[in-house]
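Visitor: I would like to learn to read this structure feature by feature. Please give me the general idea each time, then the case at hand.

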Amino acid sequence: MRENFTKQQSFTSLKWFNFFVYGTVVLFTSFFPLYLQDVGMNKVEIGSLMSVGALVSIVANPFWGIWSDKYQNIRRIVLVMLTGTLVLSQLVFQAHTYEMIYISILFFYFFQGPLFAQSNTMILSYIEGTNHRFSSFRLWGSLGWALTAILAGPVIEWAGVSVLSYLFAALLCLAMLALVALPRLNHSIGIAPLPFKGFRQIFYNPFFLCFIFFGILVSIPNTMNNTFVSLYITELGGSKTMIGLAVFLSAILEIGVLVLCDRFLKRQIPVLLGLLAAVSALFLIRWWLMAGATTPLQVAMIQILHCITFGGFFYVGTQLTMLLVPKPYRSSGQALYTLTWSGISGILGGVLGGWLYQNLGAQSMYQSGVFLTFIGTLGFGIMGLFVSRGGYRPPAEHEDELSDFEH
């Protein structure tokens, strides 16, 4: 009975850990651009600074993966990452020159960037061999993201954007307390920290490379929006509370979309490509509406589409990667897909979006997003037609597996 009670405590601590970690990250992604604008940075500088994380993650993810595998104590590794994130975040908020902000943010992203990947691996390690599903813990992350955003908005409105550093530190400390309450794990499921060995084989797959290319085009406007939507809301006269509402609406239904996809989606290449084209078309409509928005409330309501567009695109893209890449190289395929979504698109979206916003305005930035997404939507549609007419055969290494999916 005591053992069952201890296990139940562990799962409760994991849920609260996910809640506070996601809450911490939403504070940074949604409100930190306001802090940077408050200290005098322009849109180009803000976009460049926020895109640095994507560049650092290319090195940071395999680094922490190697150390996790070496010590087989992922709980301690995550605790080190949280501690580094806490210390360096305060250095970022206390920096008085642009140079110090850039240097601090580089090291901050080194600890914070891979936090989701390592945390997910830790949760999967704790629930391995149990009846618990990862989606239930992911739900607590979504709740932390949504509720923190909508509660933090009025607090920042009342106390000023400088209070962000205290909120950030408080949530990080709570996440660390939840982590310390967990019992030590004697094993880890492993995260394949060096999946890049199969990249050469993947580059011989032109169909998959087209999929990656069109995915980048669709992802760039999403990065632009994530980076600058809070500034856009304030530019239209919106408050910090309205920003919190927009983030809340964008996240609260995301887990439902993922659950529905997991339960009902057919894992067939033509079906998935058609759905990816449809989701991309919805992205296009979203950016078109954003370009024409005239009030903060309109922007907040349009953000509801994020639940379907981001959740659907990332889920479908992950499933397609599994089917388009031979089994021995799937780890490399997933790494490349994630790298293009959060890495290459993150860098290009931050820099390009900052330049467009600074020089041409937010409407032009979103209009460029419509153009890029249109090309991506058209590309996915053509790829789907090509497959449905028999013009593409999956790699020989998993044709049998694909036939299992289709039946």
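Guide: Start with contacts, meaning heavy atoms within 4.5 Å. Among contacts in the protein between residues at least 6 apart in sequence, 85% join residues at least 24 apart. This is a predicted model: local features need pLDDT of at least 70, side-chain atom pairs count only at pLDDT 80 or more, and totals for chains, interfaces and linings use all residues. Residues are numbered from 1 along each chain as its sequence is written, and side-chain values use heavy atoms, with hydrogens and water left out.

Visitor: How many helices and strands does the protein have?

Guide: Helices (H or I, at least four residues) and strands (E, at least two) are DSSP runs, numbered from the N terminus. The protein has 17 helices and zero strands.

Visitor: How do I read the length of a helix, say α9?

Guide: Compare its span with the expected one, 1.5 Å times one less than its number of residues. Helix α9 covers residues 206–235, 30 residues in total. From first C-alpha to last it reaches 43 Å, close to the 44 Å expected. Helix α10 (residues 240–251) has twelve residues and reaches 17 Å, close to the expected 16 Å.

Visitor: Where does α9 bend?

Guide: A bend is the angle between axes fitted to the seven residues ending at a residue and the seven starting there. α9 bends by about 55° at phenylalanine 228. Just after α9, glycine 237 takes a positive phi of about 100°.

Visitor: What share of the residues is buried?

Guide: Buried means under 20% relative accessible area, exposed over 50%, partly exposed in between (1.4 Å probe, protein chains only). Of the 407 residues in the protein, 53% are buried. In α9, 23 of the 30 residues are buried, so this helix is largely enclosed by the rest of the structure. α10 is mostly covered, with nine of its twelve residues buried. Among them are Met242, Val247 and Phe248.

Visitor: Which residues have the most contacts inside the largest nonpolar core?

Guide: In soluble globular proteins, nonpolar side chains tend to be buried together. A nonpolar core is a set of buried Ala, Val, Leu, Ile, Met, Phe, Trp, Tyr and Cys residues joined through side-chain atoms within 4.5 Å. The largest has 117 residues, and Phe32, Leu82, Phe211 and Phe380 have the most contacts inside it. α9 gives the most to this core, with 15 residues. Leaving aside neighbours within four places in sequence, phenylalanine 32 touches residues including Leu49, Phe93 and Leu164.

Visitor: How many aromatic pairs are there?

Guide: A pair of aromatic rings is described by the distance of the centres and the angle of the planes. Rings of Phe, Tyr and Trp (its six-membered ring) pair if their centres lie within 6.5 Å; planes under 30 degrees apart count as stacked, over 60 as edge-to-face and the rest as tilted. The structure holds 30 such pairs. Phenylalanine 228 and tyrosine 357 are edge-to-face, 5.6 Å centre to centre with 70° between the planes. This pair links helix α9 to helix α15 (residues 330–360), its partners 129 residues apart. Phenylalanine 228 is buried, at 0% relative accessible area, and tyrosine 357 is buried at 4%.

Visitor: How many disulfides does the structure hold?

Guide: A disulfide is a covalent bond between the sulfur atoms of two cysteines. The cut-off is a pair of cysteine sulfur atoms within 2.5 Å. The structure holds zero. Cysteine 173 is partly exposed at 35% relative accessible area, whereas cysteine 307 is buried at 1%.
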